Amino acid sequence: MKAKYWILHYLAGLILFVLLLGHIFMMHFYKLMEKIGFGRDPLEWESVLERARNVTLSTLYILFLFFALFHGFYGLKNILIETDFGKRYEKIVVYIFWILGIFLFIFGTYTTIKAGGV
Amino acid sequence: MKVKFIIKRYIPELAKNGFDKFEIEVKEGMTVLDALLYIKENLDPTLSLRFSCRMGICGSCGMIINGKPELACHTQIKKIVENGKIKVEPIPNLTLIRDLVPDLQSAFMKHKKIKPYLIRKDEKEQESPTREYKQTPSELLEYLQFSYCIQCGLCISSCPVSSTDEDFLEPYVLAQAYRYCVDSRDEGLFERLEIVSKSHGVLNCHFAGGCSKACPKGVDPALAIQLLKRLILKKTFGLLKEKKGNNIVPPYPEGPNKDKVPKAPPKSV
Ligand code: SF4
Ligand code: FES
């Protein structure tokens, strides 16, 4: 089972890289996009609302959330269990991260869906 | 040439923990082990160190010499002396028993965990082998490099994971796991992959590569670890099949020349 999580950790890293590129492009290179006739200031109220209502973008946000949470918490768990403290409480550390991860994922997904006005 | 040896001393019953200095005359061809033995025999008989073969085979004399992991019996003083000084310390990342003697017990126990022997489904043949197993030279090359390990523990001294995680399976143990996994005579591939992919196993390697740099025998544990990860990846995606080990060599045919083989001479003793 550990191998599956390990592979997902790497895969999540790769997917996050691609999604982050998209994010940086959308949020920080909008001036460039404006020049070629697309996009506008991403922080304008209309832009925020438009993105929130876009099903594809909302799905990507949820995926981003899932992979970011998994990648972050799995990496943190690996760092922690190499320390004396983490090793002593390995099971507790794993459970806490699972619970925290699931909670944050549900919370984030709910917020994303709600923001879209569903 | 006079050389000053700065040697780590640790004698728990005397609460001694520090460095002692000894200045000795070194001759051409002298190794660090020769110098340490000279000091032990002539200057301080309480100095503790471990050695056996004196020729880079037993793996007993691993230590940190002028900051680098080396085999003392394989290190020429002339080549490494800096400003007339040589600093000798025990291997870190292991419990220290005394002076230059680390406790390798935990590493040996981890080695035992990965079943460092040929696993065969036919337990009877495994327990009481009748003949050797077949193996081609190219099958031998699959693992040969990794079988040169002498368990000196120098790779442990330069592994950042071993330094923080005492449960980590250790670089050489993982290299040995790979060595048996790819042995064409072995049938314990999945069993071993299961063991090494547990927590504190091969997946916790940070790939710093220090182990390969430290190894005095060219084993390259970092390579074995990456290859082991590849096997795990393949197994997880169902792309790896459990191996069927090579068969045993058939009995030697009783050829027509058998009678021509001269008889052994009578016992002389
Ligand atoms: S892999 Fe190299 S450094 Fe590590 S124990 Fe074996 S011989 Fe020594
Ligand atoms: S004494 Fe055997 S390897 Fe150095």
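Predicted model: local features only at pLDDT ≥ 70, side-chain atom pairs only at ≥ 80, totals over all residues.
Reader: Which elements give two or more residues to the side of chain B that touches chain A?
Author: Helix 7 (160–164) and helix 11 (221–236) of chain B do. Helix 11 of chain B gives the largest share, four residues. Such names come from DSSP runs (helices: H or I, at least four residues; strands: E, at least two), numbered from the N terminus.

Reader: What classes of residue make up the side of chain B that touches chain A?
Author: Five are nonpolar, seven polar and five charged. Ala, Val, Leu, Ile, Met, Phe, Trp, Tyr, Cys and Pro count as nonpolar; Asp, Glu, Lys and Arg as charged; the others, Gly among them, as polar.

Reader: How many residues does each chain bring to the contact?
Author: Chain B brings 17 residues and chain A brings 11 residues. Contact means heavy atoms within 4.5 Å.

Reader: How much area do chain B and chain A bury between them?
Author: About 1300 Å², with 55% of it on carbon and sulfur atoms. Buried area is the accessible area (1.4 Å probe) that two parts lose on being put together, summed over both.

Reader: What makes D165(B) and K87(A) a salt bridge?
Author: Their closest N and O atoms are 3.1 Å apart. The rule asks for a side-chain nitrogen of Lys or Arg within 4 Å of a carboxyl oxygen of Asp or Glu, so the pair qualifies. The count between chain B and chain A is one salt bridge. Over all chains, the count comes to 15.

Reader: Why does the salt bridge of R9(B) and D44(B) tie together separate parts of chain B?
Author: The two side chains meet at 2.8 Å, N to O. R9(B) sits in strand 1 (residues 2–11) of chain B, and D44(B) in the loop between helix 1 (32–43) and strand 3 (62–65), so the joined parts are 35 residues apart in sequence.

Reader: How do you know whether R9(B) is buried or exposed?
Author: Buried means under 20% relative accessible area, exposed over 50%, partly exposed in between (1.4 Å probe, protein chains only). R9(B) has 0%, so it counts as buried. D44(B) has 13%, so D44(B) counts as buried too.

Reader: Which residues are linked with R9(B) in a network of salt bridges?
Author: K16(B), D20(B), D44(B) and D99(B). Within that group, D20(B) pairs with K16(B), closest N and O atoms 3.0 Å apart. D20(B) is at 18%, so it counts as buried. K16(B) is at 30%, so it counts as partly exposed.

Reader: What makes the phi of E170(B) worth a look?
Author: Most residues other than glycine have a negative phi. E170(B) is not a glycine, yet its phi is positive, about 75 degrees. Its side chain also meets that of K110(B) in a salt bridge at 2.8 Å, N to O. E170(B) lies in the loop between helix 7 and helix 8 (171–181) of chain B and K110(B) in helix 3 (residues 105–113), 60 residues apart. E170(B) has 2% relative accessible area, so it is buried. K110(B) has 7%, so K110(B) counts as buried.

Reader: Where is Q151(B), and what is its phi?
Author: Q151(B) lies in the loop between helix 5 (137–141) and helix 6 (154–157) of chain B. Its phi is positive, about 55 degrees, although Q151(B) is not a glycine. At 26%, Q151(B) is partly exposed.

Reader: Which residues come nearest to ligand 1?
Author: C149(B), C152(B), G153(B), C155(B) and C215(B), out of 13 residues around ligand 1. A residue is near if one of its heavy atoms lies within 4 Å. By class, the shell has 10 nonpolar, two polar and one charged residues.

Terms used:
Residues numbered from 1 in each chain as written. Chains lettered and ligands numbered in written order. Heavy atoms only, no water.
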